[in-house]
Amino acid sequence: MAGQESEPIRVVVVDDQELFRRGLTMLLGVEPDIEVVGEAGDGAAAAELAASVAPDVVLLDVRMPKRSGLEACVEIKELVPTARIIMLTMSDEEGDLYDAVKNGASGYLLKDASIDEVAQAVRVVAEGQSLISPSMAVKLLDEFKEMSRSGRAEEVPGPRLTARELEVLRLVATGLANRDIAGQLFISENTVKNHVRNILEKLQLHSRMEAVMYAVREKILDLP
């Protein structure tokens, strides 16, 4: 980031509904810190576009022709590992929330969210945080617990975390943002960021959501 002002967050919008896609593009374009650098109407085009423009954030519809959002998510993460992906969905009842997270998505966003919520979501994931509504967080943890009980979850060996890292991980799992975690633990937001980075590095994971999966498998979290 050069100069006194930060570079805008570069966003790609992917949705097969043209009116929705163009409307979202126009509304996000008004935000001073966000720049929409491309649009795509299906999963195949989305992967090609992401590879060519290397966006910071991709807003990706779950249900699309040619290639689903889940399939496109995998390919985009392979082509542009630094891209943060927000899955767009009509309902928080979607049964493939776990798959999206496992495939590298940073979170889910309902399509009826306000433009302010969408813009804030883009900013949150651009900072490396995860985005998930409380109702979705409950469903996600339930699915993780069921996978852990059934043995479907893959074993992920890793070193032990410090007591403070465990505290941070437990709060991450509840869906709290770094600022809220900092307030609860009486430490700075930068310290929280450092702890999260250390947790991911130690466990060789790529996202906060993957860290939560690990915590459930290892029975680190006190879940009912």
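**Overall make-up**

I started with the secondary structure and found 10 helices and 5 strands in the chain. A reminder to myself: this is a predicted model. I then looked up burial, and 47% of the 224 residues count as buried. For the surface, I noted that the chain exposes about 11500 Å², with carbon and sulfur atoms supplying 51% of that area. Next I checked the contacts with a separation of 6 or more, and 66% of them join residues 24 or more positions apart.

**The nonpolar cores**

Before looking, I recalled that nonpolar side chains tend to be buried together in soluble globular proteins. Which residues touch the most other members of the largest nonpolar core? I found V14, V58, L60, I76, I85 and M87, in a core of 23 residues. I traced the suppliers next: β1 (9-14), α2 (43-53), β3 (57-61), α3 (69-79) and β4 (84-89) each give at least two residues to this core. The largest share, 5 residues, comes from α2.

Leaving aside residues up to four places away in sequence, V58 touches V12, V14, I76, R84, I85 and I86. Apart from this core I found another, of 22 residues, with L171, I187, V196 and A215 among them.

**Helix α8**

I moved on to α8, which spans residues 178-185. Which of its residues are buried? My list reads N178, I181, A182 and L185. Seen down the axis of α8, these buried residues fall within an arc of 100°, so they line one face of the helix.

**Helices α1 and α5**

My last stop was a helix pair, for which I wanted the angle and the distance between the axes, the two values that describe packed helices. How do the axes of α1 (residues 18-29) and α5 (residues 115-126) cross? I found that they come within 10 Å and cross at roughly 70°. That makes α1 roughly perpendicular to α5. On the α1 side the contact is made by L24, L27 and L28, and on the α5 side by I115, V118 and A119.

Terms used
Residues numbered from 1 in each chain as written. Predicted model: local features only at pLDDT ≥ 70, side-chain atom pairs only at ≥ 80, totals over all residues. Heavy atoms only, no water. Helix = DSSP H or I, 4+ residues; strand = E, 2+ residues; numbered from the N terminus. Buried < 20%, exposed > 50% of the residue type's maximum accessible area, 1.4 Å probe, protein only. Contact = heavy atoms within 4.5 Å. Areas by Shrake-Rupley, 256 points an atom, 1.4 Å probe, with all protein chains shown as cover. Arc of directions from axis to C-beta. Core = buried A, V, L, I, M, F, W, Y, C linked by side-chain atoms within 4.5 Å. Axes fitted to C-alpha atoms, helices over the stretch in contact; angles between N-to-C directions. Parallel < 35°, antiparallel > 145°, perpendicular 65-115°, else oblique.
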